[in-house]
Amino acid sequence: MANKSGALSATKITKMKDSGEKIAVVTAYDYPSARLADAAGVDLILVGDSVGTVVQGRPTTLGVTLEQTIYHTEIVARAASRAVVIADVPFPYCQLGPDEAVRACARVLKETDATGVKIEGGASRASTIRAVVEAGIPVLGHVGLAPQSVKALGGYRVQRDLERLTEDALAVQEAGAFATVIECVQSDYAAAVTAKLAIPTIGIGAGVGCDGQILVFHDLFNFTDHGSEQTPKHARVYRDLHKIIDEGLREYVADVKSGAFPSDEESFGGAK
Ligand code: KIV
C-alpha cells in the first residue's frame, strides 16, 4: 500500500541517526492506543509479540500466533497516520529459515498496512533477514536479549557479551535491516555498538546511548498485571493507569450496588 502523505518511512527512520534526532518508539496493540501514540509524535509503533504477555497474560511471548499478529497489526496500522508501524514476527517463523520467514512476513504486509516487520536474533538470523529484505520488506532487527529464546537463555537476563552483541548488530546491519532494537544490555556496550553502526539503535533497557528508545505501552502506564513482580527496572511509569482504573472500577461497582448510578440525567424519560 502507498505511504500515507507526510508519514514517516523506514528510510526516514534510518536517516534520523544522521540528523541526531532521537527516535521515540512504543508498542501498541489496539486502535485507541495507536491513535494516541501517533498523535503524540511517536515515530515508530511496534506491534510487539509482547501482546502475549501484557494483553494475553501469558508467561512468555512464545504462544502468540501469526493470525493474532496480523489481527493486531491491521488495527494499529489503520490507526496510525504518521508513525511507521512494524509487526513483530512471532515465534517460530524466522527460526524456521528464510522461506518460512518470507512467507509469514509477506502475509503480514499483504493483510495489513504495516511498513515492515521486526525479526529477533543476530548473526544466526542474518540469512533470514536478508531474504525478507530482498523480498522488499523493511526489517527492524532485534539483538541483545531475545525473548523468543527465553527457554535457551534460562530467563530474561541482562546480556553482557560485547563481542557477541557487536557481531550480531553488524550482521543485522549487513543483512539490510533499517534499524535495530537492542534489548537489556549493559549501557556502555549499547553505546559502543551504536557508535559502530550506520543504522539507528533503539534501546530498551540499554541506556541513553542508543539512537532511540522503546517502551512497552502497558509498562509506560503501569497497566500490566505483574502479580507480585515489579514493573521492569528499565521501564519508567509516566502515568499510573492501574491505580486510576482500579479506583474508577471500585467507585462504579459501589455506585451500582448503592443505586447512585445511573442518575436521572443518565436515564431516558418518556418522549416529549
Ligand atoms: O515485543 C516487544 O514488545 C518487543 C520490544 C520489547 C522491543 O520486542
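This is a predicted model: local features need pLDDT of at least 70, side-chain atom pairs count only at pLDDT 80 or more; totals for chains, interfaces and linings use all residues.
How many positive and how many negative side chains does the chain have, and how far apart do the centres of the two sets lie? I counted 27 positive and 34 negative, with the two centres 2 Å apart. For my count, Lys and Arg are positive and Asp and Glu negative, while His and the chain ends are not counted. Each charge is placed at NZ of Lys, CZ of Arg, CG of Asp or CD of Glu.

Residues are numbered from 1 along each chain as its sequence is written, and side-chain values use heavy atoms, with hydrogens and water left out.

**Overall fold**

I looked up the secondary structure and got 11 helices and eight strands. These are DSSP runs numbered from the N terminus: H or I of at least four residues for helices, E of at least two for strands. Along the principal axes, the C-alpha box is roughly 70 × 40 × 35 Å.

I then checked burial: 46% of the 272 residues are buried (under 20% relative accessible area with a 1.4 Å probe, protein chains only).

**The core**

Which residues have the most contacts inside the largest nonpolar core? They are V117, I119, V132 and I182, in a core of 31 residues. Such a core is a set of buried Ala, Val, Leu, Ile, Met, Phe, Trp, Tyr and Cys residues joined through side-chain atoms within 4.5 Å. Among the elements giving two or more residues to this core are β4 (116–120), α6 (126–134) and α9 (187–196).

Beyond its neighbours within four places in sequence, I182 touches, among others, V143, L165, A190 and I204 (contact means heavy atoms within 4.5 Å).

Most residues other than glycine have a negative phi, and most peptide bonds are trans. So I went looking for exceptions to that.

F91 and P92 are joined by a cis peptide bond, omega about 5°, with P92 in the loop between β3 (84–88) and α5. Another cis bond joins F261 and P262 at about 0°; P262 lies in the segment after α11 (241–258).

C184 has a positive phi near 50°. C184 sits in the loop between β6 (179–183) and α9, and is buried at 13% relative accessible area.

Note on methods:
Buried means under 20% relative accessible area, exposed over 50%, partly exposed in between (1.4 Å probe, protein chains only).
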